[in-house]
Amino acid sequence: MRTPASPRPAEESPAGPSIDLNADLGEGFGRWTLTDDEALLSVVTSANVACGFHAGDAATMRRVCELAAARGVRIGAQVSYRDLAGFGRRAMDVPAAELAAEVAYQIGALEVFARAAGSRVSYVKPHGALYNRVVRDGEQAAAVVAGVLLADRTLPVLGLPGSRLHEAASAAGLPVVAEAFGDRAYRADGSLLPRGEPGAVVSDPEAVVERSLALAGPGVVTAHCGGAVAVRARSLCLHGDTPGAVDLARRVREGLEAAGIRVEAFV
């Protein structure tokens, strides 16, 4: 992975800096629920909606799209490997052509419900193992981009700055949006510390708020091993499956706004 040359934190405009807040939503299945979608949609500006491959089903997608549209929250397709049992967090080897078709399939499924709610799919973000795989795997990154192109050649791709996914998307003419994580630990090269390693998830609310402000402001975060890492981001992710996710999201948003940083969608 290539580390960004210089930080480009919250988007600058005559009205001052701004940043998008996104969260993973619709991550239930049938009678089982994981995220408090309605409460989180009152805080975030972009919703990464599970499209049925790692979580989510038709009824859940429809409900979340209706809630998001009613609140003016942008709808994003959170595409994944086909892995309901592992919540999309297990490493998988999927042929490129198959992966491209499955990415397009997921975007198309969500688009039906987004349009029925009076909105549309506004961007694409990989989930879990696929998200981490396309940071360094050029072939899988190209397959994801091919799937996005099949579905809609104008969709922005949300992901880690400096990733192979962003390289492939930019080469294909797709807009790219850099993402940062206030509740995840970073390696010195700007990649995320894998979830299986100690300290990968930052759970202390004060630490998450502090890190979020650092990412949205100066665009620098302390790496897990120590030392500052420049992280260029236009969107800040808050994981919806974290215990106390709604309260944490509210605290992050309040902290950003108190610091003079506007919270608004990137599209």
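Because the model is predicted, local features need pLDDT of at least 70 and side-chain atom pairs count only at pLDDT 80 or more, whereas totals for chains, interfaces and linings use all residues. Residues are numbered from 1 along each chain as its sequence is written, and side-chain values use heavy atoms, with hydrogens and water left out.

**Helix 4 and helix 5**

- Helix 4 (residues 128–136) and helix 5 (residues 138–151) have axes that come within 6 Å and cross at roughly 115°; helices (H or I, at least four residues) and strands (E, at least two) are DSSP runs numbered from the N terminus.
- Axes here are lines fitted to C-alpha atoms, for helices over the stretch in contact, and angles run from 0 to 180 degrees between N-to-C directions.
- On the helix 4 side Leu130, Arg133, Val134 and Arg136 take part, and they meet Gly138, Gln140, Ala141 and Val144 in helix 5, where contact means heavy atoms within 4.5 Å.
- The residues of this contact between helix 4 and helix 5 divide into four nonpolar, two polar and two charged, with Ala, Val, Leu, Ile, Met, Phe, Trp, Tyr, Cys and Pro counted as nonpolar, Asp, Glu, Lys and Arg as charged, and the others, Gly among them, as polar.

**Pocket and cavity**

- On a 1 Å grid over the protein atoms alone, a cavity is a set of points where a 1.4 Å probe fits but cannot get out, and a pocket is an open set with protein on both sides within 12 Å along at least five of seven lines; lining residues have an atom within 4 Å of a point.
- The largest pocket holds about 290 Å³ of space, a volume being the space filled by probe spheres set on the grid points, which are joined across faces, edges and corners.
- Of the 19 residues that line the largest pocket, Arg89, Gly128, Ala129, Asn132 and Arg195 lie nearest its centre.
- Helix 4 gives the largest share of this lining, five residues, and strand 4 (121–126) and helix 4 each supply at least two.
- By class, the lining of the largest pocket has seven nonpolar, five polar and seven charged residues.
- The structure holds one cavity of 30 Å³ or more, and the largest cavity is lined by Asp183, Leu238, His239, Thr242, Ala245 and Leu248.

**Single residues**

- His239, one of the residues that line the largest cavity, is found in the loop between strand 9 (235–238) and helix 8 (245–258) and is buried at 9% relative accessible area, where buried means under 20%, exposed over 50% and partly exposed in between (1.4 Å probe, protein chains only).
- Not counting residues up to four places away in sequence, His239 touches Asp24, Phe181, Asp183, Arg184, Arg195 and Ala245; the C-alpha atoms of His239 and Asp24 are separated by 5.9 Å, although these residues are 215 apart along the chain.
- Phe87 lies in the loop between strand 3 (74–79) and helix 3 (96–116), counts as buried at 14% relative accessibility, and has a phi near 55°, a positive value in a residue other than glycine.
- Ala96 belongs to helix 3, is partly exposed at 28%, and, leaving aside its neighbours within four places in sequence, is in contact with Glu139 and Ala143.
- Val112 also has its place in helix 3 and is exposed, with a relative accessible area of 52%.
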